[in-house]
Amino acid sequence: MDYHTPASFDEAVSLATSASGITRFLAGGTDVLVQLRADIVTPDTLIDIKHIPGVRDITQNADGSWTIGVAAPGAEMSEHPQLGQDWPGVVEGMDLIGSTQVQGRATLVGNLCNASPAADSVPAMVAAGATVTVTGPDGTRTVAVEDIPTAPGRTSLAKGEMISAVNLPARGENAGDAYLRFIPRTEMDIAVVGCGVNLRLDGDTIVEARVSLGAVAPTVLLVQECADAIIGTTLDEAALDKLAEAASAACNPITDKRGTIKFRTHVAGVLAKRTAQIAYDRAKGASK
Amino acid sequence: MTRKTHVTATVNGDTVEYLCDPRETLLDVLRDRLNLTGAKEGCGTGDCGACSVTLDGRLVCSCLVLGVEAEGKQIETVEGLSDGDILHPLQQKFIEHAALQCGVCTPGVLVAAKSLLEKNPDPTETEVRYWLAGNLCRCTGYDKIIRAVMDTAADLREAS
Amino acid sequence: MALDEYKPQSGGAELDGERKSFDYVGTRPERPDGLDKVTGRAKFGADAHAPGMLFGAVVRSPHAHARILRIDTSKAEALDGVKAIVTRADFATGLTGEFANVLENVMAGEKALYDGHAVAAVAATSALAARDAVKLIEVEYEVLPHVTDVDAAMAPDAPVINDSYADASVPEGFNANVVRYHESGHGDVEAGFAEADMVFEDTFKTEATHQGYIEPHACLGSLGNDGKGELWCCTQGHWYAQKYCAALLGLETSQLRVTASEIGGGFGGKTTVFIEPVALALSRKANRPVKLVMSRSEVLRATGPTSSASMDIKIGFKTDGTITAAEGTFRLQGGAFPGAPMEFSAMCAFACYDLKNVRQVGYDVVANRPKQAAYRAPGAPMAAFAVESVIDMACNKMGLDPIEVRLKNAARDGSKASYGPRFDQIGMVATLEAAKAHPHYAAPLEPGQGRGVASGFWFNHGGETSVSLALSEDGTAQVSVGTPDIGGSRASMALMAAEVLGIPYENIRVTIADTATLGYNDVSHGSRVTYASGLATIKAARAAVEKLCQRAAAKWGIPEDAVKWENGCAVPSGPNAGDFDPMPLADITATMGQTGGPISGHFEATPEGAGVSFGTHIVDAEVDPETGATKIVRYTVVQDAGKAVHPTYVEGQYQGGAAQGIGWALNEEYIYGEDGRLQNTVFLDYRIPVASDLPMIDAVIVEVPNPGHPFGVRGVGETGIVPPLAAIANAVSNAAGVRLKSLPMSPPKILEALEAGGDA
C-alpha cells in the first residue's frame with residue numbers, strides 16, 4: 001500500500017488518476033481503516049487529503065450558505081457556534097455516527113462516499129438539499145448529495161474524481177431541519193432506519209419540505225410523496241398519518257442482522273412523524 | 001515488503017521517531033514500536049475505545065489512525081496522564097471508587113474521561129454516559145466509572 | 001465450572017463462630033494493583049514481548065461444516081518473513097475424552113465444524129507478514145450440510161456433527177446430535193399437578209451470547225525441541241492451560257511453565273485454551289518465541305459463547321400461590337462438542353424453591369457452532385428466565401404479589417434442594433425480605449413502564465487450591481495464590497491475611513504465582529476465588545501464626561498452648577501463662593533466622609463448603625410501543641454474599657452481573673445466516689450494553705454467613721447474572737402488556753408481540 005499526502009486537490013486528483021489497483025482517499029479513516037484491518041479492502045494507493053489547505057474549514061458564505069471542508073470531523077461541526085443553529089439536523093445526523101472518539105475523525109464526505117444506505121449524515125444532508133463539489137481530471141462539477149451513492153458501497157464518482165467540498169444552502173427564515181434514527185441501543189449502532197426532514201413555513205403552514213429515509217433501500221431515498229403529504233398542512237394528525245403511510249410505502253428494505261423488512265417499514269413511518277414534528281417545532285421556534 | 005515510512009511525532013511530551021509500514025495503525029506503533037502498551041486493542045474497529053488516545057488534543061481511537069498520519073502530531077496516552085509519581089485526579093478516583101475490575105478498559109476510559117472534563121468541567125450523568133458510550137466495559141456495569149468521573153469533576157471544580 | 005468438576009456441596013463447619021467483629025474484612029481499602037491498572041503499566045496478555053519474537057496468525061474455516069480435503073501452504077511458506085506453519089499434524093495424536101475435544105477445537109482435523117474453526121496457523125517476523133501469509137494458505141473444502149439451531153439439530157433428519165459423541169445416558173430414538181441426557185428431582189410431579197388449582201405451562205428460547213471480555217485472547221509461547229517450554233497468557237486458570245497444552249503437544253506437564261498475565265475479563269470464557277497450544281506448536285517448529293493475539297472477530301467466531309436454549313416449563317399452583325409441582329425440560333446447544341451445561345440448567349432451575357414434587361430433564365445438543373465455554377453461572381440464567389417468567393405469569397393471572405409468592409415457596413435452611421442435597425444455612429428468604437423492604441419495590445411507575453422481579457440460584461464452588469504465605473524479616477507478608485485476579489481478588493486475599501495476622505493490609509503483598517512456584521490450583525471459576533483461595537489464605541496465615549506463637553513460647557519459656565495471637569502480637573493466653581508484654585509479629589520475624597528459620601504457612605486442599613448463593617432483582621423497564629425499544633429505568637440487585645470481604649468489589653460483581661444480564665435480555669445474540677456463518681462478528685453488531693444504555697445499579701448486600709468458610713464468605717461472581725434475564729423479561733412483559741418468551745427481546749420481537757396482542 002502506497003501512502004500519499006498531496007498538498008492540493010489537483011495533486012490528489014492526478015495521483016488518483018494515474019494510480020492502478022484500488023485507490024482510497026483518507027480523511028477520518030473510520031471506514032477505510034476498519035476495512036483495512038479486517039482485510040475487506042486493502043488499497044494499493046491511499047491518498048491522505050488532510051494536508052490540503054482549508055479542508056478542515058467550516059465557512060459561512062456571504063449569501064448565508066455554508067461550505068464544509070472534506071476533512072472537517074464531526075466534533076468540529078458539533079462545536080461550531082453557528083452551524084448547528086442553521087442546520088441542527090445535519091449536525092445531529094453527523095454527531096450520531098459512532099463514539100466521541102469516532103467524532104474526532106469521521107467526516108461528512110467519508111460517510112457519504114462509504115455509500116452505506118444506513119449512513120446517518122446522508123439523509124440529513126439530502127433533506128437539507130446539500131450538494132457536493134466534485135473535482136476530477138476534467139475540472140469541477142456540483143452534484144446533489146442524493147446522486148452520489150448508487151448502490152451499497154458504490155458511488156457515481158468516476159476514476160480520479162473526488163469530493164472537494166460540501167455545500168449547504170442558506171437556511172433562510174421560518175425553516176427547520178431534523179434527523180432521527182432508530183437503533184436498538186442508545187449509541188454505537190448502525191441505523192436500522194433513519195429519517196431526515198427539512199421544511200419551511202408560512203405562518204403555521206408548511207410550504208416547502210424535503211423528507212429522506214435511510215437504511216430502507218439500497219441507497220438513501222428522497223421521498224417526494226412524504227413531502228407532498230405535509231406540504232400545505234399545519235402538520236396536524238391527519239398529515240402526520242399520511243406522512244407515515246408515504247414513508248412506509250417508500251421503503252424497499254432487506255431483512256438482515258439489524259432489522260426485518262416489516263420492522264423497518266413500520267418504524268420508517270414512526271420516525272418520519274417524529275422527525276417532522278421536531279423540524280416543524282424548530283421552524284416555529286427559537287432556532288431559525 | 002512495503003517500504004517503511006519515517007515518522008517523527010511527540011508522544012507524552014517526548015519526541016519519538018519510528019519507521020512503520022503504511023498499513024500499521026497508530027495503536028500498532030505505540031504498542032509494538034514504542035513499547036507503550038497502555039492503550040489496548042479490544043476490537044480494532046473503533047467500537048470499544050480501549051485504544052483511546054488524544055491526537056493534537058482530540059480524542060480518537062488509535063486503532064483508527066495510521067502510524068504514518070502521526071507525522072508532526074502531538075499524542076497523549078494513558079502513560080502520560082500522571083505527573084511523575086503524582087496521579088491525575090481521575091486515576092486516584094478510579095482506584096478509590098473501584099471503578100475498575102479487570103482494568104483492561106481503564107486506560108481508554110481514563111483518557112476519554114480526561115478529555116471530557118477538559119471540555120466540560122461540570123457534566124451531567126447523562127453527558128458522562130454518552131461521552132463514554134464508545135468505551136466498552138464488560139465488568140462494572142459502568143456505575144462506579146460514572147461515579148468516579150462525576151466525583152473527580154466535582155473535586156476539580158472545587159479546587160479551581 | 002467444568003462439568004466433571006462439579007460436586008454438590010457437602011456443607012461444612014469452618015465458620016469461626018467465636019468471631020464477633022472484623023478489623024480488616026468488610027473494609028474498603030484501595031486495591032493493591034490499582035496503580036498499575038490506572039497508569040497502563042499492568043501487563044495483560046498481549047503486552048508481553050520476547051527477544052526474537054515472531055507473530056502468529058490463524059487460518060479459519062469460512063464454512064459451518066466442511067470436510068478439509070487439502071491444505072496447500074507452499075505460497076505462504078515462500079513469503080518473506082514466514083518462519084513456521086502448523087496444521088493438525090503438528091499436534092499430539094491418540095488423545096481421548098476432553099483432551100481430544102479441546103484439540104479438535106484448537107485445530108480442526110478431518111472436518112471444520114463451525115464458521116471460524118481453526119485449520120492452520122503461521123508465524124512470521126511481523127504481524128502484517130503473518131496476516132498476509134494467512135491469505136496465501138489454500139484450503140480445499142467439501143462443504144457439508146450444517147445446522148445451528150438447537151431444536152433443528154435435534155430433528156430426526158438434521159445433519160449429524162459426529163456420530164460417536166453420544167454417551168450411554170441418551171435414551172433410544174434421538175438424533176445423534178443429542179449427546180447427553182440428564183434427569184433429576186423428587187416427589188411425584190403428576191400427583192402434584194393433580195393437586196394444583198391452576199397449572200401454567202410454556203416454552204421459552206434464549207440465543208447464545210458471548211462473555212464479551214474486552215481483552216481478546218493473547219499469549220506468548222516459547223517451546224524448545226527439548227520439550228521445555230514457557231507460556232504467558234491471559235487465562236482464568238494457568239494450571240489448566242499447563243495441563244491441556246502439555247497434553248495437546250505431547251509434553252511432560254511439569255516441563256511447561258505457565259504464567260498468567262493480568263486478565264482483561266473472562267467470565268468463564270478464559271477457562272479453556274484456544275490459541276495457546278497453537279503458539280507453542282509454532283514456537284517448537286520455528287524455534288523462536290511466538291506471540292498470538294486474536295482479533296475481536298476471531299473471539300466472537302471461535303471462542304466460547306454460552307449455549308443457546310429451548311425450554312419447556314410447567315408449574316402447578318394453589319390459589320394462595322403455593323407451588324404443588326414443577327417440571328422443566330432444558331435443551332441446550334453447546335456448539336460442535338459435547339458439554340452444554342444442561343444439567344446445571346436443570347439443577348438450578350427450581351433451586352430457589354422448597355418443592356414437594358419436582359422433576360427436571362436436560363438434553364446436551366451439538367450443532368455447527370463454536371464450542372460453548374462457561375459463562376458466569378453456566379446454564380442457570382436461561383433456566384431462571386423460563387421458570388421465573390412462568391411464576392410471573394401465574395402471579396399476574398392469580399393477582400398475587402410476586403415477592404410474596406416467592407416467599408411462600410422459598411427454600412429455607414434445611415430444605416431439600418430440587419437437585420438433591422439438603423440446604424445448610426441459606427439466604428433465599430433474606431434476599432426476598434430485603435427486596436420487599438427496598439424503596440424501589442414500593443416506588444410508583446410512570447405510564448409505559450413495567451416492573452419485574454426474579455430470583456436466582458448458583459451452587460458456588462470450592463476446587464483444588466494451594467496458597468503459600470511467607471513472612472519477611474521486617475514483619476510484612478507475601479501471599480502467593482494461584483487464582484488469577486480478575487476483579488480485585490488480591491485485595492480480598494490481603495484483607496483476609498491481615499485479619500488473621502493482625503498486621504496492616506498495606507503490609508501484605510499478594511502475587512499470582514506461576515505454575516512452577518506453587519501447587520496446583522483450579523481455574524478462577526465457579527465463584528470460588530474469594531471462598532477457596534480466601535479460605536486457603538486464612539489457613540496458611542493461621543499456620544504461620546502457630547509458628548509465631550511457638551517462637552514466642554520458646555522465648556518466654558512457657559508451653560506453646562499458653563500463647564495466643566491477638567492484634568498482631570503473641571500474648572500469654574491467660575493469667576496463669578505468665579506475665580509477658582505482647583510480642584509483635586515484626587519482633588518475632590526480625591530474629592526468625594536465629595530462632596528456628598523462616599516462618600511461612602501454606603495450604604493445599606479441596607475445600608467443599610462453598611455455600612450456595614441466592615439473589616433477587618427488581619427492574620423497571622419502559623417500552624416504546626411504536627418502535628419496540630426498551631429502556632431500563634431502574635435496577636436493584638439484592639444478593640447474599642455470606643460475608644462481603646471488600647464490599648465495594650462485591651457491589652461491582654453485582655452490578656456487572658446485572659449489566660451483562662441486561663445485554664443478554666435485550667440485545668446480545670449470535671446471529672447465523674442461512675450459510676451457517678456468524679453475521680455479527682464485531683462489537684458494532686454484537687451489541688453489549690454501552691454506558692448510555694444503563695442506569696445506576698443499586699447493589700444491596702445481604703449477609704447470611706456460609707458455614708463452610710471461617711469468615712462466612714460465599715462466592716458472589718456468578719449469582720448476579722442468574723435473575724436478570726427473567727427480571728427484565730417480566731418488567732418488559734408487564735410494561736408492554738404481552739409476554740415475551742424469547743431472548744433477546746429485540747425491538748422487532750417486541751413489536752411482533754405487541755401486534756400479535758398476546759404471546760410471542
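Me: The radius of gyration is taken over C-alpha atoms, and the globule rule is 2.2 Å times the number of residues to the power 0.38. What radius of gyration does chain B have?

Reply: This is a predicted model, in which local features need pLDDT of at least 70, side-chain atom pairs count only at pLDDT 80 or more, and totals for chains, interfaces and linings use all residues. Residues are numbered from 1 along each chain as its sequence is written, while chains are lettered from A and ligands numbered from 1 in the order in which they are written. With 160 residues, a compact globule would have a radius of gyration near 15 Å. The value for chain B agrees with that: 16 Å.

Me: What percentage of the residues in chain B is buried?

Reply: A residue is buried if 20 or more other C-beta atoms lie within 10 Å of its own, exposed if 12 or fewer, and partly exposed in between, with C-beta atoms placed from the backbone. Of the 160 residues in chain B, the buried share is 66%.

Me: Which strand of chain B gives the largest share of the side of domain 1 that touches domain 2?

Reply: Chain B is divided into domain 1 (5–80) and domain 2 (89–159), with bounds from an automatic or database domain assignment. Their contact (C-beta atoms, placed from the backbone, within 7 Å) takes 14 residues from domain 1 of chain B and 11 residues from domain 2 of chain B. Strands (E, at least two residues) and helices (H or I, at least four) are DSSP runs, numbered from the N terminus. On the domain 1 side, the largest share is 3 residues, from residues 52–55 of chain B, strand E3.

Note on methods: Two residues are in contact if their C-beta atoms, placed from the backbone, lie within 7 Å.
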